[in-house]
Every structure is written in structure tokens, then in C-alpha cells.
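Look at the sequence and the model together. The paragraphs below go from strands to helices and then to the chain as a whole.

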Amino acid sequence: MLVAGFLVLAQLGMGYVAAGVWAAGFHGLVLATIAVLVPWGGPRHNRLPGKNPHGASDRGIGVVLHRAAAYDMLARVLTFGREGRFREFMLGLAKLQPGEAVLDVACGTGTLAIAAKRRVGSDGSVTGVDASAEMIGRARAKAERSGLDLTFVKGTAQQLSFKDAQFDIVVGTLMLHHLSKPARSAFFREAERVLKPGGRLLLIDFGRPERKSRLPRFHRHGHVDMNAIRTLLTESGFKITDGGAVGTMNLNYVSATTNREILRA
């Protein structure tokens, strides 16, 4: 597998000369990590079948990542060992305040949720939800080691098992590309429901690449059309407040607030 990976790099040839030695080294590291993780069995993807009550496509309502330890390892590789710093950088866009109630959807192994808890403090609350029991189990273990009080629940973005108007902010990072369009719409409706009037939604995901990569695609979903996301949010009862490039790894963000207070005026 490693030999095959480096042969791929060799075949790309002059594309790496133009990109530079750092790009070649980075992609070689990713390929080597994939070669290690594939025999181990993860991160494994499962597409959830069937229709949900919100009308998601019967071709699948999303991709569920498993193999939590492999997920953490890959995250460390892709962020050069600075995943915590990377998550803190993304949290800066959330503008969390002490005492707020936060919901992290598709929370993975809980790194972002734990960082959020440190920001909202003891008077605030952070809940993470993920469709993978393995991710939830690892998130709970990490939270216990951190000595922080967080809640992690197994569930999907399309069917949030929380009361209406429970959270000040809902955060969804690097998860939209795992959802079909109907599933995204269902998630946005659920987010609007569980947010308090005037509550905030922050979405961060991979945008359209400026140029087509010559690397093989190891990830089945390459990017998210943020203009389409803005349209879906508006249709789901949100008011767009901000958006643009995050400034790293081709990530883009959209922030919005619930529109209920305006509609009642």
C-alpha cells in the first residue's frame, strides 16, 4: 500500500514541482496514514438508509464515521498535530459567551465540544450529538479525562432529541458534506426548532476548490456549495448574518440567526 501510494506521487510528477516540496511531503504523509488506517478498518463510513420523518431521500440520509481512534489519528495528521488549536480557531467564529447553552452537531470525538465548554464556563452547558456510538463513547472518555461536565448523545442531525428553544447556539463543523440535500434541510429545520429566539447557527465546511486537484479523491464528498447552503437556511427560517473564508484548508463558514423574533414583530 505504501509503495502504491508513493507510485501515485511519482506519477503526479511536475504537478508537485509546481506546488512545492511541502505539498508533496504533506500528501505523502496523508497517503502513508491512509495506508496504515485501511488495514485497521477505519475511519469507516456507513450511509444511513431509508426515509426519515423529514422526507430525506431514500438513497441515504448521511454518512456516519466510525473507528473513533482512527478518526482522531487522521485529524492529528491533517492538522500537523494541532487539532486543538485548529478547533479553537474555528470556535472563534462562534463568539461564545459565558453561560451560553451550546449544541455541537456531529461532534465526533468531542474535541470541539470540550473546547467550547472551556469558553462558556461552569454556568454554560455544552451538548454533543453524533450518529456513531463509537464517537460518542470516545467523546465521553475525553470529557471525563478533561474534568469538564459535558453531555454527549447518540443521534442524527435530522432528528435532534431536544426540547424546543433549548440552545443559544448550534454548531456544525465539517459535517455538511456528509449529508444529502434533503438531510441538510431537515437538519436546518431541527436546528431552528431547538434554538432560542434569536439563537445562532454556525456552519463550517470545505468550500469549492479554486482549482481541481490532481490527487486521487480519498474522500467521497469534496466540497459544499455555501451559496446553496445560504438559500436552504433562508428557506428554513434563518437570517444570514455573516459568511466567507475561514482562512485555512479551503474552509468556508456561514453564520445565521433564527428569524422568529423578526416574524413576531
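Two strands pair if DSSP finds at least two bridges between them. Strands (E, at least two residues) and helices (H or I, at least four residues) are DSSP runs, numbered from the N terminus. This is a predicted model, in which local features need pLDDT of at least 70, side-chain atom pairs count only at pLDDT 80 or more, and totals for chains, interfaces and linings use all residues. Residues are numbered from 1 along each chain as its sequence is written, and side-chain values use heavy atoms, with hydrogens and water left out.

Start with strand E9, residues 251–258. Strand E8 (residues 238–245) runs antiparallel to E9, and 7 bridges join the two. In this pairing, Gly244 stands opposite Tyr253 of E9. E8 and E9 form a hairpin with 5 residues between them. In its turn, Gly247 has a positive phi of about 110°.

E9 also pairs with strand E7 (residues 195–206), again antiparallel and joined by 7 bridges. Here Phe206 has Leu251 of E9 as its bridge partner. How many residues of E9 are buried? The strand is mostly covered, with 8 of its 8 residues buried. Buried means under 20% relative accessible area, exposed over 50%, and partly exposed in between, with a 1.4 Å probe and protein chains only.

Now turn to the helices. Two packed helices are described by the angle between their axes and the distance between the axes. Helix H6 (residues 111–120) and H7 pack at an angle of about 35°, with their axes 9 Å apart. The axes are lines fitted to C-alpha atoms over the stretch in contact, and angles run from 0 to 180 degrees between N-to-C directions. Thr111, Ile114 and Arg118 of H6 make the contact with Lys142, Ala143 and Ser146 of H7. Contact means heavy atoms within 4.5 Å.

Why does Ala139 count as buried? The reason is that its relative accessibility is 0%. Leaving aside neighbours within four places in sequence, Ala139 is in contact with Gly108, Thr109, Gly110 and Phe152. The C-alpha atoms of Ala139 and Leu150 are separated by 9.4 Å, and the two residues are 11 apart along the chain.

Finally, consider the chain as a whole. Its secondary structure comes to 10 helices and 9 strands. Of the 265 residues, 47% are buried. Among contacts with a separation of 6 or more, 68% are between residues 24 or more positions apart.
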